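The sequence and the structure are shown first.

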Amino acid sequence: SAKNTRPQTSGNIILKPAKSLELRVGFYLSEELIRKVNELTAEQEQADGALYTVPQDGDRRIILKRDLTVEFSNNTTQLIPLMASIAVPTLRLSKNEVDFGTCLVGQAVEMHVTLFNPSQSASAWIAYKDPRYPSISQQVFVVTPIEGFLEANTSLVARTKTTLKITFTAKHNIEYECVVIVSGKLQEEEQTLVMRGRGSYDQVHERLVNVTTGT
């Protein structure tokens, strides 16, 4: 049979004997759906057929199911199942807290934390300090880089990880605490990193090696 792929106008489609017709079905990912992803309850199907899943590996997905209904002139119908699986970008930190302990005032000490993307969707991210913390605590902690791009976790060579370098330089012999928030541009769940440290004028707290690698 011949295949007819010409554009069709709205309304009934007439298919002549011994002819076939190809129907092309498209999928449009709306910004509204992306923005409401964090409002969905995991593993609970929504009224519109959307199902939000969160596997243990962190590869979050939205699964959409619909039926395409084809009505024929002889009053019969045919249902064609449609499904779309949307990979939702995800951010994870190797740890959610870094404690520098007691450090010599004026000496810079580093710790490293890994930021990674376990999902099959790329993620553009930014890191910023929680403005609710005192400015004196925000000043003694420095995080670099403060933005970046993580590729989708679709191959062994994909760049899905980056190292955040946290530097603590105490100014006085007091305790400091601040929080860094890592946020994505596609409604990724925000990740928080609590940073703590204390300053001391006692030379016994001088660090001969200033870098501590986190996991």
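## Aromatic pairs and core packing

Four aromatic pairs are counted in this structure, which is a predicted model. In one of them, F100 and F168 are tilted, with 5.3 Å from centre to centre and 35° between the planes. Strand β7 holds F100 and strand β12 holds F168, so the pair ties together parts of the chain that are 68 residues apart in sequence. F168 also pairs with Y176, and that pair is edge-to-face, at 5.9 Å centre to centre with 65° between the planes. Together, F100, F141, F168 and Y176 make up one aromatic cluster.

| Residue | Relative accessibility | Class |
|---|---|---|
| F100 | 3% | buried |
| F168 | 0% | buried |
| Y176 | 2% | buried |
| D130 | 5% | buried |

The largest nonpolar core has 25 residues, and the members that touch the most others are F100, F141, I166 and M195. Two or more residues of this core come from each of β7 (97-104), β8 (108-116), β9 (123-129), β10 (141-144), β12 (161-169), β13 (175-184) and β14 (191-200). Apart from this core there is a second, separate one of eight residues, including Y52, L64, I86 and V88.

Which residues does F100 contact, leaving aside its neighbours within four places in sequence? The list consists of V109, E110, M111, F141, I166, F168, R196, G197 and R207. Two of these contacts, F141 and I166, are named with F100 among the core members that touch the most others. The contacts of F100 also include the charged residues E110, R196 and R207.

D130 is treated separately here. At 5% relative accessibility it counts as buried, because the cut-off is under 20%. With its neighbours within four places in sequence set aside, D130 is in contact with Q138, V179 and I181.

To return to the aromatic residues, F168 takes part in both pairs described above, the tilted one with F100 and the edge-to-face one with Y176.

Conventions:
Residues numbered from 1 in each chain as written. Predicted model: local features only at pLDDT ≥ 70, side-chain atom pairs only at ≥ 80, totals over all residues. Heavy atoms only, no water. Core = buried A, V, L, I, M, F, W, Y, C linked by side-chain atoms within 4.5 Å. Buried < 20%, exposed > 50% of the residue type's maximum accessible area, 1.4 Å probe, protein only. Helix = DSSP H or I, 4+ residues; strand = E, 2+ residues; numbered from the N terminus. Contact = heavy atoms within 4.5 Å. Phe/Tyr/Trp six-rings, centres within 6.5 Å; stacked < 30°, edge-to-face > 60°.
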